Amino acid sequence: MNGTMKNPHGGDIYKASRVYGYDVNDILDYSANINPFGIPDGLREKIISAVDCLVNYPDPDCTRLREAASLYLAIPEESIVFGNGASEIIFLLFEELAPKKVIIPAPTFSEYAKAASRIGAEVCHFKLREEAGFGLDVDELINRMTDETDAVVICNPNNPTSALVSREALKRLIEHAYKKGIKIIIDEAFIELTDDPGANTIIDYTKEYDNLFVVRAFTKIFAIPGLRLGYGVGNRETVGRLWERKPAWSVNSLACCVGEYLGESGEYLKKTAKWISEEKLWFYEELTKIQGIRVFKPETNFILIKLADLDISSWKLRELCAQRGVLVRDASNFTFLNDRFIRVAIKDRQSNTKFLKIFKELLEGGFRG
């Protein structure tokens with residue numbers, strides 16, 4: 001079990017298996033934030049039954065998927081575009097909008113800055129303050145927006161801080177931006193893994209504000225990161241142009257099976273909502289009992305932790321955890337964070353109990369500052 005590994009996004013259980021000698025199925029992956037209930041049985045059955053469809057090309061228009069998503073979201077079909085994961089939507093959107101100056105609150109998901117930089121846009125990071133729990137001060141952000149600002153990108157709830165901005169606060173931001181002709185892009189990849197998704201999402205605002213574009217994915221909620229299925233919601237003109245830009249078959253036939261399952265997903269979503277409301281609080285409170293670390297209160301299925309009073313770096317702790325068969329996300333490569341931060345997922349009670357045991361044993365091994 002010698003060697004090291006590095007993945008800027010976490011979740012590389014295959015490399016971890018090779019490096020540390022664990023069977024893939026025995027690794028506790030706390031570096032990827034996926035629904036611990038796994039692929040819903042109904043969706044699994046539809047995917048299996050669709051295997052024979054692989055002899056044909058996928059539907060380039062994702063017709064049935066768009067119809068089902070429209071009902072699921074209460075959004076017109078013409079306002080929805082699908083892609084090979086949320087990342088494809090993000091990069092296509094930046095190509096289409098071609099902003100010259102973009103404000104991105106950070107620390108946050110790195111793909112926004114990459115997408116902006118790829119088209120030559122100037123990226124202005126708006127620093128989220130640790131003393132405020134990395135919460136977004138919308139009024140301060142509004143004050144930072146100038147006539148030169150073309151777009152603002154916000155991850156809500158935010159990765160890696162697990163902080164959530166309220167609908168009311170975001171509406172103020174969207175309205176201010178609307179008056180100034182500024183695009184607002186909201187990534188809601190984890191919104192369905194919050195306590196009350198319906199009260200937290202702003203996807204319905206896309207019907208009212210044509211400067212708003214919302215990015216989402218089925219990856220996290222249905223535990224299908226290997227299938228790659230993301231989507232965007234916005235005004236019909238922008239969405240239509242994104243369909244024209246998108247490669248014809250970037251959404252494969254098995255991913256389209258999600259559309260057939262959406263109407264049956266109610267019980268799975270209820271089970272998920274019950275789990276996240278209970279386990280999130282329990283796991284957070286258990287972590288706060290560990291001395292030497294600062295735990296930031298989560299609003300979704302992962303938690304940011306600072307190694308405040310411990311004489312160990314995030315990358316070293318990541319290595320020690322990996323040697324015990326546990327993967328955590330070294331958060332040092334997020335803008336404005338350093339090698340004192342890690343991010344851990346929230347899973348089922350059995351897995352979380354096992355994680356806490358290993359985590360406590362490692363931190364009690366002599367790293368007090």
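This report describes a pocket and a cavity in a predicted model.

Local features need pLDDT of at least 70, side-chain atom pairs count only at pLDDT 80 or more, and totals for chains, interfaces and linings use all residues. Residues are numbered from 1 along each chain as its sequence is written, and side-chain values use heavy atoms, with hydrogens and water left out.

On a 1 Å grid over the protein atoms alone, a cavity is a set of points where a 1.4 Å probe fits but cannot get out, while a pocket is an open set with protein on both sides within 12 Å along at least five of seven lines; lining residues have an atom within 4 Å of a point. Points are joined across faces, edges and corners, and a volume is the space filled by probe spheres set on them.

| Space | Volume |
|---|---|
| Second largest pocket | about 290 Å³ |
| Largest cavity | about 50 Å³ |

The second largest pocket is lined by 16 residues, and Asp59, Arg64, Ser253, Cys256 and Glu260 are the closest to its centre. Helix 3 gives the largest share of this lining, three residues. Helices (H or I, at least four residues) and strands (E, at least two) are DSSP runs, numbered from the N terminus.

One cavity of 30 Å³ or more is found in the whole structure. Residues lining the largest cavity include Leu93, Leu97, Lys183, Asp210 and Phe213. Helix 4 (86–97) and strand 7 (212–217) each supply at least two residues of the lining of the largest cavity.
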